[in-house]
Amino acid sequence: MKLVSQFTSFLKDTVNLNQTRIDLLESNVEAIRNFIRQCEWSPRVRGFEEQGSWAHDTIIKPVDGGEFDADVLVVVDPVDGWSAKDYVAKLGKAFADSSVYGSKAKTWDYCVTVTYPGERKVDIAPLVRSRKYDGSMEVCNRAADRFDASEPVEFTAWLRERNTLSGSNSFRKVTRLMKYLRDIKTTFTCPSVLLTTLLGMQIHWYDKDSDAFSDVPTTLRTVIGRLDDWLQDRPTKPRVENPKLSSEDFAASWTDTQYLNFRSFIHKYRGWIDEAYVAEDRASSITAWRRVFGEAFAKGEVVEASKTNVEGVSRVRALLTSTAAHLDSLVEVVRDYGVSILPDFFYRPPHMLEPSWLKAAHVSRDVHVTATWHQSRNSTPIRVVTPGEVLPRRGGLWFEARIGGGQLLPAGFRVQWRITNTGAAALSLRQGRGDFYTPQQNGRRWEELHYRGVHLAEAFIIRMADDVLVGQSQPFHVVIE
């Protein structure tokens, strides 16, 4: 079922950034504009342009209580004798010298960021007009001291056109939903500009007034179905060009592994969305949509558990309270019902060790584990593996931990891996493990697929300066037949 009204409420109550926060952000931006006009920064300011999720109206409420932001471009005339780094560095100095912004501002490669306590920040980037030729637009790379071509206004116009073609503001709403899915599941890495572009590429001029875009859930199903088809036709990472600047490849920052992981999960979520959309009764449809978006979907509606799900829960509880030998049967239960059927106490078996490091005041959960399947440790990957996917007892997995939007660990941090096995084969050979292990190659951990069962791999991020635990991933489920 489509459940259009439930999607409306879900967007309003859970996904969308509320108007109060937007008003605060806009007030901050207006104050920053006034400061730039009045400060002693040399370039002649021709105007300001919004950029990013704020400009595209795809900004969402941070799922972890983190920051939301606005991107502002300051359009300026070129200054004789200035190189690219001067525009950013001198703008940064103007903010740093300010009594209002000095403690809030930090200068980066392309922009100056003003961070407001608690939840929001504004990125301000110079955009130099008509330096290279009349009408050219260039952002400034301070680190490389290089001007980079840019077409932010044209790109925003292209996205707005996608929204018009989809009707009822549905493209923007679907983009917000997919950003929420990315952030709440943390199963794939995709920068917002890349994700928005990939979604926008699935809407064409002939889609205007099409039934395939009649409402939000229908648009979601259409766009993700088309995106999955597009990805499945491309087994290796493609270029994803800025539709208004062909020299810019939005996919350049993606690794091959991140692309394959994204491709795999979009295929998986496409199947879940299809199941939810075609479910014939309300309860089944809500349950299926919650599988996609979590329990916040149709919040407040009580859905009676289906007979099948009750049977699955009963089977799991019976298995986990009986002998260790019967734990092998969990493989069939997880294959039939998914890893969400596992109760909380499954994740604390007696042989699993607790972390010994001191914990930071806030241990980040923004740590993501990916895995690739290989025939042998040094062979090329067969493919990316999704958590909970049933695998044969053949070959092994390389695990890798990433943080935030898919970045590698910065200098000064290390990863430790907790590997925990279950199942009669592993336990009878005293291979339940549950201990912590060092990586073998650039933070990655190799594990062979030996024992039938449902096993767990977790990444723990340690700050090396004081040996404090600062980050921990969700368990990555490895299910072996």
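# Values set against their definitions

Reader: Why is Arg433 called partly exposed?

Author: Arg433 has a relative accessible area of 24%. Buried means under 20% relative accessible area, exposed means over 50%, and partly exposed is in between, using a 1.4 Å probe and protein chains only. Arg433 therefore counts as partly exposed. This is a predicted model, in which local features need pLDDT of at least 70 and side-chain atom pairs count only at pLDDT 80 or more, while totals for chains, interfaces and linings use all residues. Residues are numbered from 1 along each chain as its sequence is written, and side-chain values use heavy atoms, leaving out hydrogens and water.

Reader: Where is Arg433 found, and what is its phi?

Author: Arg433 is in strand S16 (residues 433-437). Helices (H or I, at least four residues) and strands (E, at least two) are DSSP runs, numbered from the N terminus. Phi of Arg433 is near 55 degrees, a positive value in a residue other than glycine. Asn169 also has a positive phi, near 60 degrees, and its place is in the loop between H5 and H6.

Reader: How do you know whether Asn169 is buried, exposed or partly exposed?

Author: Its relative accessible area is 25%.

Reader: What makes Ile203 a buried residue?

Author: Ile203 has a relative accessible area of 1%, and the limit for buried is under 20%. Ile203 lies in the loop between H7 and H8. Leaving aside neighbours within four places in sequence, Ile203 is in contact (heavy atoms within 4.5 Å) with Arg162, Leu165, Ser166, Phe171, Phe213, Val223 and Arg226.

Reader: What makes a group of residues a nonpolar core?

Author: A nonpolar core is a set of buried Ala, Val, Leu, Ile, Met, Phe, Trp, Tyr and Cys residues joined through side-chain atoms within 4.5 Å. The largest one here has 51 residues, and those with the most contacts inside it are Met178, Leu198, Leu220, Phe262, Trp289 and Phe293. Its largest share, nine residues, comes from H9. Apart from it lies another core of 33 residues, including Leu17 and Cys140.

Reader: Which residues does Phe293 touch?

Author: Not counting residues up to four places away in sequence, Phe293 touches Phe7, Phe10, Leu177, Tyr180, Leu181 and Leu220.

Reader: Why is H6 called roughly perpendicular to H10?

Author: The axes of H6 and H10 cross at roughly 70 degrees and come within 9 Å. Angles under 35 degrees count as roughly parallel, over 145 as roughly antiparallel, 65 to 115 as roughly perpendicular and the rest as oblique. The H6 and H10 pair is therefore roughly perpendicular. Axes are lines fitted to C-alpha atoms, for helices over the stretch in contact, and angles run from 0 to 180 degrees between N-to-C directions.

Reader: Why is the pair of Arg290 and Glu295 called a salt bridge?

Author: A salt bridge is a side-chain nitrogen of Lys or Arg within 4 Å of a carboxyl oxygen of Asp or Glu. The closest N and O atoms of Arg290 and Glu295 are 3.9 Å apart, so the pair meets the rule. Arg290 is buried, at 13% relative accessibility, whereas Glu295 is exposed, at 60%. By this rule the count comes to 29 salt bridges.

Reader: What makes Glu458 and Arg418 a tie between parts apart in sequence?

Author: Their side chains meet in a salt bridge at 2.9 Å, N to O. Glu458 lies in strand S18 (residues 453-463) and Arg418 in strand S15 (residues 413-420), so the pair joins parts 40 residues apart in sequence. Both residues are buried.

Reader: Where do Arg270 and Asp274 lie?

Author: Both lie in helix H9, four residues apart, about one turn of the helix. Arg270 is partly exposed at 21%, and Asp274 is partly exposed at 22%.
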